[in-house]
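The tour goes from one selection to the next and says what is found at each stop.

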Amino acid sequence: MKNADDILAAARILESGRLVAFPTETVYGLGGDAENPAAVAAIYALKNRPASHPLIVHVASGSDIAYWSDRIPDEARKLMAAFWPGPLTLILKRASHVLPDVAGGQDSVGLRCPSHPVAQALLGLFKQGRGGVAAPSANRFGHVSPTMAQHVRDEFGDDPRLGAILDGGQSEVGIESTILDLSRIETAGPVLLRPGKIGASQIAEVIGMMPKVPDNGAPRASGTLASHYAPRTPVAVIPSDKLLQLLVRLEENGHRVALLHYSSLPASRKMSLAGEVGLYCAPDVYSHQLYASLRKLDRSGADVILVEATPETETWKGVNDRLKRAAYNGLGTIEQLAGVKETD
Ligand code: TXA
Ligand code: MG
């Protein structure tokens, strides 16, 4: 559902304390009223997410950020002016009245103003544009984020705790927002907690400082766990020149292989695969299709998913980060299946 009546109905569902899945330009979110403890608790319960992992609060364009944070550095204002609405989440010090549960008990709050027109309309109608919708990606904890309404249905079925799913088509960006921590900027500088479409150098151009990589004092972020965004089938990321060899070994050992690649493959090779997706080798096009492709290959009946390694340049950072987490532990398993590594 996505017409004006449906969006208004969804805003009313949120106001009543129930949950709504909605499209954003990055991935679909599982939204609840950020000021309603029961709604926030319901998000954690439905996702099966540990209570210590904070949620992002989504706000309407032009809404008053000072309501959520009483310490807003100039850098935050500049970044909001440059990139909002859009795929950038800012972590700021949390105002004392903001529910600690939203922030997983931390003293900060994650804020994002999404650009997707359906998300914009929903946030504009919800509490007349003055509320905040806490929304993690609309998937079970650790699993691949949804980029289509159907993916949300695949995750939660018709669980009655989900009041509505707004369908806004396929998410344009396809990987989650860039997360920048500004809550400790005076002492630690700006810290990039999760890479995304908006890259570190684009941020540096606006604030005149290059974001750092997380140190030990950085806030916890579940999207930064080693294993995350993962299909159920083991995944390995393999350099282009090693791909065919590994594929042949796996097939010789009787395994069914699914392949995500961008280089061209001999037609005979494609035939033997349990699943195959070829993507264009450009970061924006690739990220747009990445999660839908992983979901498709996960359903293909394959024992393993091989992913052709993507270029290691700055514009691929977001994609490479997600591939690394999807493939956490996968390489060892797959090398064993291929017989190129001894079982220990
Ligand atoms: O693109 C996105 O950001 C999507 C859409 C729905 O907006 N949302 C999303 O939410 O990816 P989620 O919960 O799946 O990932 C949010 C990440 C988590 O890693 C969380 O730990 C981190 O943001 N985060 C949120 N608030 C935080 C805070 N106060 N401090 C540190 N990390 C925070
Ligand atoms: Mg997530």
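Start by selecting Lys 127, which is partly exposed at 28% relative accessibility. Keep in mind throughout that this is a predicted model.

Asp 33 is buried, at 5% relative accessibility.

Glu 35 is partly exposed, with a relative accessible area of 30%.

For another salt bridge, select Asp 284 and Lys 197, where the closest N and O atoms are 3.1 Å apart. Asp 284 belongs to helix α10 and Lys 197 to the loop between β9 and α7, 87 residues apart. Asp 284 has a relative accessible area of 47% and is partly exposed; Lys 197, at 42%, is partly exposed too.

Next select Glu 176, Asp 321, Arg 322 and Arg 325, which are joined into one network by salt bridges that share partners. Within this group, Arg 325 lies in helix α11 (residues 317–326) and is buried, with a relative accessible area of 11%. Its side chain makes a polar contact of 2.4 Å with the side chain of Asp 321. In the whole structure, 14 salt bridges are found.

## The sheet

Switch to a cartoon view and trace the open sheet of nine strands, ordered β7-β1-β2-β6-β3-β5-β4-β8-β9, with mixed pairing. The edge strands are β7 (162–165) and β9 (191–194); each has a single partner strand, so one side of each has no neighbour in the sheet. At the β9 end, β8 (residues 178–181) pairs with β9 in the antiparallel sense over three bridges. To see one of these positions, select Asp 181, whose bridge partner in β9 is Val 191.

## The nonpolar cores

Select Leu 79, Trp 84, Leu 88, Leu 90, Leu 111 and Leu 162, the residues with the most contacts inside the largest nonpolar core, which has 43 residues. Elements that each supply at least two residues of this core include α3 (74–83), β4 (88–93) and β5 (108–112). Centre on Trp 84: among the residues it touches are Val 59, Ile 65, Leu 90 and Cys 113. Another core, of 23 residues, lies apart from the largest one and includes Val 277, Leu 279, Val 307 and Ala 327.

## Annotated positions

Which residues does UniProt list for "binding site"? The unreviewed entry gives Arg 49, Ser 137, Ser 145, Arg 194 and Tyr 229. Ser 137 is in the loop between β6 (133–134) and α5 (149–156) and is buried at 16% relative accessible area. Its contacts include Tyr 28, Lys 47 and Ser 145. Tyr 229, in the loop between α7 (200–207) and β10 (235–238), is buried, with a relative accessible area of 2%.

## Last stop

Finish at Ala 302, in the loop between α10 (283–298) and β13 (304–308), which counts as buried at 10% relative accessibility. Its contacts include Thr 233, Arg 256 and Ala 274. The C-alpha atoms of Ala 302 and Ser 63 are separated by 47 Å.

Methods: Residues numbered from 1 in each chain as written. Chains lettered and ligands numbered in written order. Predicted model: local features only at pLDDT ≥ 70, side-chain atom pairs only at ≥ 80, totals over all residues. Heavy atoms only, no water. Pairing = 2+ DSSP bridges. Helix = DSSP H or I, 4+ residues; strand = E, 2+ residues; numbered from the N terminus. Buried < 20%, exposed > 50% of the residue type's maximum accessible area, 1.4 Å probe, protein only. Polar contact = N/O pair within 3.5 Å; in protein donor to acceptor, adjacent residues only side chain to side chain. Contact = heavy atoms within 4.5 Å. UniProt positions renumbered as here; feature names shortened; annotations may be inferred. Core = buried A, V, L, I, M, F, W, Y, C linked by side-chain atoms within 4.5 Å. Salt bridge = Lys/Arg side-chain N within 4 Å of Asp/Glu carboxyl O. Lists of a residue's contacts leave out its neighbours within four places in sequence.
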